[in-house]
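Work through the exercises below with the sequence and the structure at hand. Each task is followed by a solution in steps.

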Amino acid sequence: MPGDVTIGIHDLSLATARYVLTHETLAAQNGANVAKYHRGIGQHSMSVPAADEDIVTMAADAAAPIVARHGADRIRTVVFATETSVDQSKAAGVYVHSLLGLPSAARVVELKQACYSGTAALQFAIGLVHRDPSQQVLVIASDVSRYELGTAGEATQGAAAVAMLVGADPALVRIEKQSGVFTADIMDFWRPNYLTTALVDGRESISAYLQAVEGTWKDYTERGGRALDEFSAFCYHQPFTKMAYKAHRHLLQHCGHATDEGEITRAIGHTTAYNAEIGNSYTASMYVGLAALLDHADDLTGRAIGFLSYGSGSVAEFFAGTVVPGYRAQLRSDAHREAISRREKIGYTKYRELHERSFPVDGGDHPVPTETTGPYRLVGLSSHKRIYATR
Ligand code: COA
């Protein structure tokens, strides 16, 4: 067994949806003060998938540049993390495997535990690579966050996918061994099989998240993790970006540290740059935060990053990563900024039409209009089968 092999994130790529709804538009519709959105929850806009986009098309869009850069020869496993699954049986990653032309000698599986499962996917990938460092694992986190129209959660919707290539001797971030985990049976956010929108007790979810911050940190330190002041930055799960501030303030207080707002902004400010524009992308959210940090911060070479992954219900994990020398040459900063800036602004009527869209359940042929400008599209539903294609 290779004992000293370093394993982590070798490449990372982000994709989001075609459309964007600004919080000015939402506030004008529902009469809220837009400052509540901009300053109160730290959100400026939300990505809205076109009719022919979903977790599969975004995932393939995110993963394609990784396969183009590194090839697929070493990828034997695809782990797809999502809480907005498109099928109760088939893993969404199988569609992605097909769209990307990955080798048939591969295993593909889907993982679920609210916003946390992207981190479970990463940890499982590390385990597989540890067993055979010649293999790489494609980890994909992809979600569309949807709440009922007119609810408090509506302002925290969004959509994105992050694809990560996990392997030995990674070019971006080495993931360290110590990890603090925490589980508590809490109904703060859930989606019964018969609903297409999530149910959330917003206040309960904030306190459950903060409880998980304490729980994971306790376990992390008991397992010999780093001291708090060894970290240069922290990536938190961001259901809305102000949550990262609340969480970090809470961790500092819990550890008896001063809560200087300038220090907090220095530790997490960069991680919120994309999430404030994309909105909540559930499983992808924390990794969207990592992309923003790597793309925006001054040289982080050799620096430790703390990660706090939270998934309602609830399961959480705190772990650490170290940024690898030369990482900047691997970044996809221009592509990430372009994916966000090229989104087309839509008005409330179009947003509402997309929000209310669903397929008939009669098993008939239901083509979807071509809207996406991305490389992959959902062509339609026929005999209850989803059909995807390269555009
Ligand atoms: N200017 C500045 N800030 C304002 C404001 C204004 N005009 N009006 C309100 N605010 C602030 C509030 O003080 C509050 O800040 P605080 O939390 O630091 O006290 C914040 O904006 C939100 O206001 P609130 O009244 O609590 O909003 P809400 O009832 O609409 O709920 C959420 C906000 C986040 C709880 C709600 O959007 C939600 O449930 N989102 C989903 C949460 C989620 O995804 N959880 C699951 C995963 S963790």
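A pocket is found on a 1 Å grid over the protein atoms alone: it is an open set of points where a 1.4 Å probe fits, with protein on both sides within 12 Å along at least five of seven lines, and its lining residues have an atom within 4 Å of a point. The model is predicted, so local features need pLDDT of at least 70 and side-chain atom pairs count only at pLDDT 80 or more, while totals for chains, interfaces and linings use all residues. Residues are numbered from 1 along each chain as its sequence is written, and side-chain values use heavy atoms, with hydrogens and water left out.

**Exercise 1.** Describe the lining of the second largest pocket.

Step 1. The lining has 31 residues, and A152, G153, T156, G202 and F240 lie nearest the centre of the pocket.

Step 2. Two or more lining residues come from each of α1 (23-30), α2 (34-41), α6 (202-222) and α7 (241-254); helices are DSSP runs of H or I, at least four residues, and strands runs of E, at least two, numbered from the N terminus. The largest share, five residues, belongs to α6.

Step 3. By class, the lining has 16 nonpolar, 11 polar and four charged residues. Here Ala, Val, Leu, Ile, Met, Phe, Trp, Tyr, Cys and Pro are nonpolar, Asp, Glu, Lys and Arg charged, and the others, Gly among them, polar.

**Exercise 2.** Explain why helix α4 is largely enclosed by the rest of the structure.

Step 1. Six of the eight residues of α4 (residues 92-99) are buried, which is why the helix is largely enclosed.

Step 2. The buried residues are A92, G93, Y95, V96, H97 and L99.

Step 3. Their packing partners include α3 (55-70), β4 (75-81) and β6 (136-145).

Step 4. Just after α4, G101 has a positive phi of about 65 degrees.

Methods
Buried < 20%, exposed > 50% of the residue type's maximum accessible area, 1.4 Å probe, protein only. Contact = heavy atoms within 4.5 Å.
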